[in-house]
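Hi,

Here is the structure I promised to pass on.

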Amino acid sequence: MRNFTMLFLFFLSVGISYGQAKEITGIITDSETGESVISASVIIKNTAIGASTDFDGKFKLSAKEGDVLVITSLGYNDLEVVITAENNLTIQLVQSTALLDEIIIVGYGAQKKVNLTGSVVTIKSEDMVKNSTGNVSSALSGRLAGVTTIQSSGEPGSDISTIRIRGLSSLNSSAPLILVDGIPRALNNINVNDIESITVLKDAAAAAIYGMRASNGVVLVTTKRGKGKTKLNVNVYSGLQTPTRMPNFLDSFNYATLLNEANVNDGVPESYTPEDLQKFRDGSSPDTHPNTDWIGETLANSSAMHSIDISASGSNKNNKIKYFTSLGYLYQDALYANNNFDRLNFRTNLDIELNNSVSVSTDFSGNLETRNKPGIAASTLFSNIMRTPPTEVNQYSNGGYSSYSLDPKINNVGYNNTQNFDFQSKIALHIKLPFLEGLKLTTQVAYDRATFRNKSFSVPSNYTTFDGVDEFSLSTPSARGESASLSESQSQGYKLVTEAILSYDKVLEKHEFGAKFIYSKTITQDNYINAGISNLLGTSVDFFIAGDAETRSSSNGTSETGILGYATRINYSYNNKYLLEFNGRYDGSYKFSKGARYGFFPSVSTAWRISEEDFLNNSTVINNLKIRASYGELGSDAGIGGFRYLEFFGFGSAFIDNSSVSQSIGSSGLADANTTWEKAKTYNIGLELGLWNNLFTLEADVYSKRTSDILTTRSLQVPNTFGAILPAENIGVVDNKGIEIVLNHKNKIKELDYYVNFNFGYAKNEIIDIAEPQDVDPLRRLTGRQIQAGSRIGYIAEGLFLTQQEIDDLNASAPEGTYQTQNPKPGDIKYADINGDGVINGNDRTIIGKGNVPEITYGLNLGFNYKQFDFSTLLQGAANFDMYLSQEASWAFFNGGKVFDEHLNRAQIGADGNVINIDASYPRLTLSGNAVNERTSSYWIVPGDYMRLKNVEIGYTLPEKLTAKLGLDRLRVYLNGRNLATWSKIKHLDPENPNQRGWFYPQQKIMTLGINVTF
């Protein structure tokens, strides 16, 4: 019995010791980088006992052998570890390859991608910085489905891109709402290196929480915040900028030869003799017969750009204080002197955890921008380059510049300098309310201040004249009666945003609930003053005191705005399969009268995660399959002026009344007290598919959007004799429909990581109602056509007349003996008789072309990492749009201007008066009979479709052993190229050109060499 008792006590003691808890310590690291994983959650399965990893990735808790630790951390796969006799654990987490755990920034919060029910697209920091561009908007080109960017200039400081989300859907502005860290702010003055991610909300489900400002989509910019150990990052690059395309003008010999041909066609004497032509060819008389390359004489071959960015991020030892701070500088030079841009950015984002329930976030940022330009505007300079023929002198042999020269206008005619300073701040208080788990309150206040100053000093220049023999003369401003002028403008203003966000999240077994309630108020005030004066004494004193007091002018003013909104989001999920979400916002704007000021904008969306159903849950092929649908109503007050319900009066021109001069007063137009915001009803159906653990993924969206109550006038219905300015009314209706597709493939083969991403977007709009009278000719009716249709009404070209007999036959069959007016000749454009009455006149005009905003956009993003090398490239393109190229950009000798190489294939007239080269692509040359060819017609429309090698980057990262010896964490050098090649039918201008005459600073091809160092 005694032995049995001892045996029993022995086993009992073993059992008690086995069941006793013991202290477990451990460290959790990243399986790839070996870095500590901070704030990872370590929970004993089926209990509430747990801990979080500290600054070094370490944790400590009490557990028993046999317990299971469930370890989770954002961006990593969940892991379960069974407790054994080992008391000190080393655990590695694997980064999640499934995009399902990806956290996406949405309106007033963040959600897992897997739980999204709306149409949302995101770009991360690592993709943003792979662009040699000084602005954010241009870095988005070709990277996001449904997002169209058009860069209309390459001028330093003005090389931003217009952003359109899902094309055009309004007769007014289609600009999206831009928010930086939740506050309405400008996009393009942010340092790209400060951005963590950009999210674009495209449908009503995603954007309805922003109410009447969300109809055109919403762009959410999230800046970086601190985390982990302190790291210092330095990124420096320098580059050269060259035009993507420039016109290929003919030299003076060919110019003169073609001009003589035009003279012959017009039946007048030739302008140049054979001796003149020879002098142009051999350059023997440069003062009288020059061969001026105006591009080469005016512009440099390339210009420089430089950027340096220094940032530090991290947290304190216990991870209670997190910080990110940065300083960035960008400099861009232009292709000609005295034109440059620089920007200094600074930012500090600070997060402080006061206790387990309360934390504070403070953000401070700003930028100082300086734009220095010569007195001549870029549009004027390039219009001169497009027009001035090569037979005019730039600089005479005595060193003097001619009146055509642009050099004095760049270097000696004053300046136009602008300086902007923006300061942004935000403080937010985050409270976990203790009386109800899951209830949180965030209150935040943002205060932004902006100042602007522009000073323009216009100075006339000297130039040299030549009598054609041997005498040079200097023409001075005083001799010509010209004097300098000065203007200056300044403004300053502020924006104040106050918000309170109450949120609640609860999980009950398979049920997940979430609710959010928002109060938001935004007010702005801007004050401005403008002044100018003329007839300054001399050309060197740029102060008002030097001017003529009688020419002095000044004006000032103040503008204020206010927006008040209440919003909510309620979402529900059952078993991570069935998702339902409701968003709504009640908004009011100062722009509208009290009776029409407020409105409610709701949306409802749902999603079904089919891959979570039992019949697919264990599939080895399909790991993610979700369908989603949404409907919502959004609003827009973009492009709508304030106080539309009031009629304003202002002073106009003077008039004579009883022999005395009186000031007239004019009305701003009839008021409309019922004016309100535009409304958009949007339907969206989406599909998300992941195959073989997201080896291949697909996202597709189909949408339909009707925008109604668009502000437009009844000018198409009311005759011009109406005795007042018509008010804009809510009468327009536009439909916009489209499809978007995103395909991804990512894989790793041994040491090779590679990825392929393709995105495609198609958006087509149609005018449903624009208040047109019913009797409008169908050829010119805007209803049923795209938004930009009204900008191009002209004739349909049927090629060129080749023989006089062809013209005579058409005239013979015409009712009054004339088929086409303006006396066309062989080699002129032949127009189509659309209405079939046998005569070409205004009744044959119709809407031509497609507009200059692409309906189709796409991008192909490829890249790989192999050992220490990395490579990425982006092909970007657009289609279904065109350009109307005319005047200096297309017509020979327009305004005495140039000719291009394409004019060499003009219609040449033989001795019999007929065209001898029937395959000619340009009409006959003429100086006096151009009216017939310069009519607005389809002849001058060129398809704008293009594909561009948008970005290429190759980098090399030094091995860790070498960087460690240098005392560095990482060192990478890279070579980047942007806009390297473009394929388009538009050959002598960039296909994104904004001006049909070529009056713009060309887009730039950029090559940069950079280095990135992390300490």
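Asn 576 counts as partly exposed, at 31% relative accessibility.

Before I go on, please keep in mind that this is a predicted model.

With a relative accessibility of 44%, Trp 692 is partly exposed.

Now the whole chain. The protein chain has 13 helices and 48 strands. Its C-alpha atoms fill a box of roughly 140 × 70 × 65 Å along the principal axes. Of the 1015 residues, 49% are buried. The chain exposes about 46400 Å², and carbon and sulfur atoms supply 56% of that area. If you take the contacts with a separation of 6 or more, 70% of them come from residues 24 or more positions apart.

Five strands make up an open sheet with mixed pairing, in the order β10-β15-β16-β13-β14. At its edges are β10 (120-124) and β14 (183-184), each of which pairs on one side only. Inside that order, β13 (residues 177-180) pairs with β16 (residues 218-223) in the parallel sense, over four bridges. To find the pairing by residue, look at Ile 178: its bridge partner in β16 is Val 219. As background, strands of a sheet pair through backbone hydrogen bonds, either parallel or antiparallel.

Arg 166 belongs to the loop between β12 (161-165) and β13. Is Arg 166 buried or exposed? Arg 166 counts as buried, because its relative accessibility is 5% and the cut-off for buried is under 20%. The side chains of Arg 166 and Ser 119 are joined by a polar contact of 3.1 Å.

Another loop worth a click is the one between β35 (696-712) and β36 (729-749), where Thr 713 is placed. The C-alpha atoms of Thr 713 and Glu 729 are 5.9 Å apart, although 16 residues separate the two along the chain. Not counting residues up to four places away in sequence, Thr 713 touches Leu 726, Pro 727, Ala 728 and Ile 731. Thr 713 is partly exposed, at a relative accessible area of 25%.

Last, the surface. A nonpolar patch there has about 690 Å² of accessible area in total, and its members are Leu 232, Ile 308, Ile 310, Leu 327, Tyr 329, Leu 344, Leu 368, Phe 421 and Phe 1015. The elements giving two or more residues to the patch are β18 (303-315) and β19 (321-333). Phe 1015 lies in the segment after β48 (1004-1014), and it is partly exposed, with a relative accessible area of 39%.

Over to you, and enjoy exploring!

Conventions
Residues are numbered from 1 along each chain as its sequence is written. This is a predicted model: local features need pLDDT of at least 70, side-chain atom pairs count only at pLDDT 80 or more; totals for chains, interfaces and linings use all residues. Side-chain values use heavy atoms; hydrogens and water are left out. Patches are made of residues with over 30% relative accessible area and no salt bridge: like charges are joined within 9 Å, nonpolar side chains (Val, Leu, Ile, Met, Phe, Trp, Tyr) within 5 Å. Accessible areas come from the Shrake-Rupley method with a 1.4 Å probe; for residues, only the protein chains shown count as cover. A salt bridge is a side-chain nitrogen of Lys or Arg within 4 Å of a carboxyl oxygen of Asp or Glu. Buried means under 20% relative accessible area, exposed over 50%, partly exposed in between (1.4 Å probe, protein chains only). Two strands pair if DSSP finds at least two bridges between them. A polar contact is a pair of N or O atoms within 3.5 Å; within protein, one must be able to donate a hydrogen and the other to accept it, and residues adjacent in sequence count only if both atoms are side-chain atoms. Contact means heavy atoms within 4.5 Å.
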